[in-house]
Amino acid sequence: MVIHLMGPSKTYNLRPCERCGFKPQAGIFKTCLDCFLDGHSLYRYEYDVSYLKLVFKRSGSCSIRDCRPVNQVVETTYRLLED
Ligand SMILES: [Zn+2]
């Protein structure tokens, strides 16, 4: 399962997902991986990369900043989901 911010979907199938029950709409949701990907590929965002790597990587794929600890990220994500 993935908790994520969902923008407007380009999917025209408005039936709820058989795996997670998600019906495409904008907002913060907990969905299965297929709903999260919405037909796109999975990419791994990298944190704490060198400035040189940042310059040569595709825009929006990495940051020179550190990531918050995993427990903080999960806690924040669940709080946003519940709000
Ligand atoms: Zn789903």
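Cys17, Cys20, Cys32 and Cys35 coordinate the zinc ion through their SG atoms, at 2.3 to 2.4 Å. The structure is a predicted model, and the values below are computed from its atoms. The chain is divided into domain 1, covering 1-41, and domain 2, covering 43-83.

**Zinc site**

- The arrangement around the zinc ion is tetrahedral, because the four donor atoms subtend angles of 102 to 116 degrees, and four donors count as tetrahedral if all angles lie between 85 and 135 degrees.
- Along the chain, the donors of the zinc ion follow the spacing C-x2-C-x11-C-x2-C.
- Cys17 and Cys32 are both buried.

- In soluble globular proteins, nonpolar side chains tend to be buried together.

**Contact between the domains**

- The centres of domain 1 and domain 2, taken over C-alpha atoms, are separated by 21 Å, and the contact takes five residues from domain 1 and five residues from domain 2.
- About 500 Å² of area is buried between domain 1 and domain 2, and carbon and sulfur atoms give 74% of it.
- Of the area that domain 1 buries against domain 2, 81% is supplied by Ile3, Ile28 and Ser41, which is more than any other three residues supply.

**Loop between H1 and H2**

- Asp38 lies in the loop between H1 and helix H2 (51-56), and its phi is near 50 degrees, a positive value in a residue other than glycine.
- Asp38 counts as partly exposed because its relative accessibility is 25%, and the partly exposed class lies between under 20% for buried and over 50% for exposed.
- Asp48 is placed in the loop between H1 and H2, and its phi is near 60 degrees, again a positive value in a residue other than glycine.
- Most residues other than glycine have a negative phi.
- With a relative accessible area of 52%, Asp48 is exposed.
- Glu46 also lies in the loop between H1 and H2, but Glu46 is buried, with a relative accessible area of 18%.
- Not counting residues up to four places away in sequence, Glu46 touches Lys53, Lys57, Ser61, Cys62 and Ser63.
- Arg44 has its place in the loop between H1 and H2 and is exposed, with a relative accessible area of 71%.
- The C-alpha atoms of Arg44 and Ser61 are separated by 7.5 Å, although the two residues are 17 residues apart along the chain; Ser61 is also one of the residues that Glu46 touches.

Conventions
Residues are numbered from 1 along each chain as its sequence is written. This is a predicted model: local features need pLDDT of at least 70, side-chain atom pairs count only at pLDDT 80 or more; totals for chains, interfaces and linings use all residues. Side-chain values use heavy atoms; hydrogens and water are left out. Donors are N, O and S atoms within 2.8 Å of the metal (3.2 Å for Na, K and Ca); water is not among the atoms, so sites may look incomplete. Four donors count as tetrahedral if all angles lie between 85 and 135 degrees; four count as square planar and six as octahedral if opposite donors are over 155 degrees apart and all others between 65 and 115; anything else is irregular. Buried means under 20% relative accessible area, exposed over 50%, partly exposed in between (1.4 Å probe, protein chains only). Domain bounds come from an automatic or database domain assignment. Contact means heavy atoms within 4.5 Å. Buried area is the accessible area (1.4 Å probe) that two parts lose on being put together, summed over both. Helices (H or I, at least four residues) and strands (E, at least two) are DSSP runs, numbered from the N terminus.
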